[in-house]
Amino acid sequence: MLLKVDPVQPEDDIIRQAAEVIRQGGLVAFPTETVYGLGANALNEEAVARIFVAKDRPAEDPLIVHIASIEDLRRVARELPPQVRVLSQAFWPGPLTLILPRAAAVPSNVTAGLDTVGVRMPAHAVALALIRAAGTPIAAPSANLFGRPSPTTAQHVLEDLGGRVDLILDGGPTPIGVESTVLDLSGERPVILRPGGLSREALSLVLEEIAVDTSALWREREEGRFPSPGLMEKHYAPRARLIFFRGAEQAMLAAMKEQVDQLLAAGKKVGLLLASEDRGLFAGYPVLIEDLGPGDNLGHIAARLFAAIRALDGQGVEVILARGFGAMGLGLAIEDRLAKAAGGRVVEVH
Ligand code: TXA
Ligand code: MG
């Protein structure tokens, strides 16, 4: 069932109905400021198990626990490293997930058996109202089938999970459009495991030392002991083959154009993910173009990214060529998602 809900002032009766589903151990898909989540009572092991079944998600991939207050944080984390105070004051509610020591109340299927738990307070009135009304923290991964791009509209959730969830709350498109930044505070120094909706630059206003280490995860994966399997590159794969180009703007676009020529000569159906100003370069080309908006508006590009990939996939293109937008601000998360969707097919242009 899908119910429309006001994203700014959610209707009480709808929230009450959704909260009841959570309390009964059911699944509710709901909007957050990043992407739609697939929620269950985080303290109910059976309810959490349903999430993995609905998504076809491997049990080794831990979930994020969503909270609505700092009191909730004490229910799910057994101790709070010193940085939590300043980070939560600066960035919660918001697109920041903290990896913290897990409290015993959190069932082990939430954390895939890890001794740490990912926690965030989402900046979305629907998500916060739902957590409060349910009276429990809510475990929620992105509400897509495993291996598909994260959903930024209720329609995306319906495409992937229709019939597998008890209720979908439709609060319109999610404003940020890429998932939260995952920051590991369980080690000696803070490490970004997944760049996301909160930029590294913003974090470094508050934290002195901050590392970004997604490659360490890939190394560990090869050694068979990765701490955060959801970060593996296949995670965002579209059906089409995606090739990601990054580097100096002019050379990057020239390399894309050359690749398009080759693919068209080979009779391939091609889709492009471009900035508005790049479109002229491909005028008259028999290709499908998804315009992500002006190249200097990273917020807009991030918000459109997953919907654009889904749109090209839906039109049956065989190859998608995507360009990067640098590594500043949200550019880092955009780059990370495109590199993952490309599954290693990354063309570096200098
Ligand atoms: O914006 C978001 O984070 C969205 C919304 C719904 O909140 N959620 C989301 O969840 O993206 P999911 O499950 O698709 O991604 C969670 C990521 C995964 O890469 C997972 O491996 C990592 O967080 N993660 C969760 N708990 C972890 C832990 N204890 N240690 C390391 N990584 C963890
Ligand atoms: Mg996900």
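Start by selecting T152: setting aside neighbours within four places in sequence, T152 is in contact (heavy atoms within 4.5 Å) with V35, Y36, G172, P173, T174, G177, F306 and A307. T152 sits in the loop between β7 (138-139) and α6; helices (H or I, at least four residues) and strands (E, at least two) are DSSP runs numbered from the N terminus. T152 has a relative accessible area of 3%, so it is buried; buried means under 20% relative accessible area, exposed over 50% and partly exposed in between, with a 1.4 Å probe and protein chains only.

Before moving on, a word on what is on screen. This is a predicted model, in which local features need pLDDT of at least 70 and side-chain atom pairs count only at pLDDT 80 or more, while totals for chains, interfaces and linings use all residues. Residues are numbered from 1 along each chain as its sequence is written, chains are lettered from A and ligands numbered from 1 in the order in which they are written, and side-chain values use heavy atoms, with hydrogens and water left out.

**Stop two: the two domains.** Colour 2-221 as domain 1 and 241-349 as domain 2; these bounds come from an automatic or database domain assignment. Their centres, taken over C-alpha atoms, are 28 Å apart. Domain 1 brings 24 residues to the contact and domain 2 brings 17. About 1,600 Å² is buried between them, 57% of it from carbon and sulfur atoms; buried area is the accessible area (1.4 Å probe) that two parts lose on being put together, summed over both. Now show P149, V178 and P195: they supply 31% of the area that domain 1 buries against domain 2, more than any other three residues.

**Stop three: charges across the interface.** How many salt bridges does the rule find between domain 1 and domain 2? There are four, a salt bridge being a side-chain nitrogen of Lys or Arg within 4 Å of a carboxyl oxygen of Asp or Glu. Select D313 and R148, whose closest N and O atoms are 3.6 Å apart in a salt bridge. R148 counts as buried at 10% relative accessibility, whereas E159, at 47%, is partly exposed. Show R337 and D336 too: their salt bridge has its closest N and O atoms 2.6 Å apart, and both residues are buried.

**Stop four: another salt bridge.** Go to D56 and R164, which meet at 3.6 Å, N to O. D56 lies in the loop between α2 (45-55) and β4, and R164 in the loop between α6 and β8, so the pair links parts 108 residues apart in sequence. Both ends are partly exposed, D56 at 48% relative accessible area and R164 at 37%.

**Stop five: helix α5.** Select 125-134, a mostly covered helix with seven of its 10 residues buried. Those seven are V126, A127, L128, A129, L130, I131 and A134. What do the buried residues of α5 pack against? Look for α1 (12-23), β2 (28-31), β4 (64-66), α3 (70-76), β7 and β8 (167-170). Just after α5, G135 takes a positive phi of about 70°.

**Last stop: D278.** Find D278 in the loop between β13 (270-274) and β14 (288-291). D278 is buried, at 2% relative accessible area. Beyond neighbours within four places in sequence, D278 is in contact with L253 and R323.
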